[in-house]
Amino acid sequence: FEIYVELNFPDNKNITTRQPYIQMIKFFDCFKDYNMSDIKPKELLDYVNGKRKETGLTYNLNVSKLSTLYNFAIKKLRACEYNPCDIINKATPKEDERIKFISEDLYKKILNYLKKESYKLIVRLLYETGMRISEAMGLCIKNVIGNTIKVEKQYIQEYELFTDQLKTENSYRIVPISPELSRDLKKKPVDLDGRIFYDVEAPTLRYYLRKFKTSPHCFRHTRATILVSSGIDLTVVASVIGDKIETILKTYVNVNENDIEKKFDLIRQTI
């Protein structure tokens, strides 16, 4: 693993790309004292199937990254002869039942439910900007400039990783916000790094939002949908959301329930 990381992620670059491999190593921690060539396919299969049955999760990404590591060991290092991951089928994930588009009514219900002001504030930020949760967690006070936010850092709480390396080149961007949100962000106390949401736990926020059958990432779907349905140029939407136009249309755009009746009236006028 260390050789693979050294060759593929030199000089600590591509931190977010490297993280799934680190998570994979943690997942297969019970095999840490094995030689790769000594791990039997059936033993690995039983372990993964046991975890899948226990949690209901697929662990497909962990298996895929371990398989990549094995192929590297086989082809490049000649460290073993076969890949025990070949016996493990890709599990079909459960149907995503999250509410992808958060209506104004649901948004207000979430805000009313949350007790701590820090959690209310980060939800307002997610709703107005469509930022990734890691980007919101990494927001520093110096990056709230006027009524805009300069997205240039992220904080991945699972790894306690605070970095200026974002997911893609498109992730570095300027996002407009309301004067009210700008004011409240600037008033909030920060930690020594200048992080605004140092006192928010991402897993706790996810737990709260699960009560409403949604998640932090669904705010991203919501904002992209609102911008597209408002008629804003797709290049501008992609710039604000921090992704490619194809991704915006294919992944993030859902039915905008806030103004669907208005759209229906427009359609009726064409009949």
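## The largest pocket

The largest pocket holds about 1800 Å³ of space. This is a predicted model, in which local features need pLDDT of at least 70, side-chain atom pairs count only at pLDDT 80 or more, and totals for chains, interfaces and linings use all residues. Residues are numbered from 1 along each chain as its sequence is written.

A pocket is an open set of points on a 1 Å grid over the protein atoms alone, where a 1.4 Å probe fits, with protein on both sides within 12 Å along at least five of seven lines. Lining residues have an atom within 4 Å of a point. Volume is the space filled by probe spheres set on the points, which are joined across faces, edges and corners.

## Its lining

The largest pocket has 38 lining residues, and Leu61, Arg98, Glu158, Arg206 and His217 are the closest to its centre. Helix 2 (15–27) gives the largest share, six residues. Helices here are DSSP runs (H or I, at least four residues), numbered from the N terminus. The lining divides into 14 nonpolar, 13 polar and 11 charged residues. Nonpolar covers Ala, Val, Leu, Ile, Met, Phe, Trp, Tyr, Cys and Pro; charged covers Asp, Glu, Lys and Arg; the others, Gly among them, are polar.

## The second largest pocket

The second largest pocket has a volume of about 350 Å³. Its lining has 17 residues, with Ile25, Phe31, Lys32, Tyr34 and Met36 nearest the centre. Helix 4 gives the most, three residues.

Key:
Heavy atoms only, no water. Helix = DSSP H or I, 4+ residues; strand = E, 2+ residues; numbered from the N terminus.
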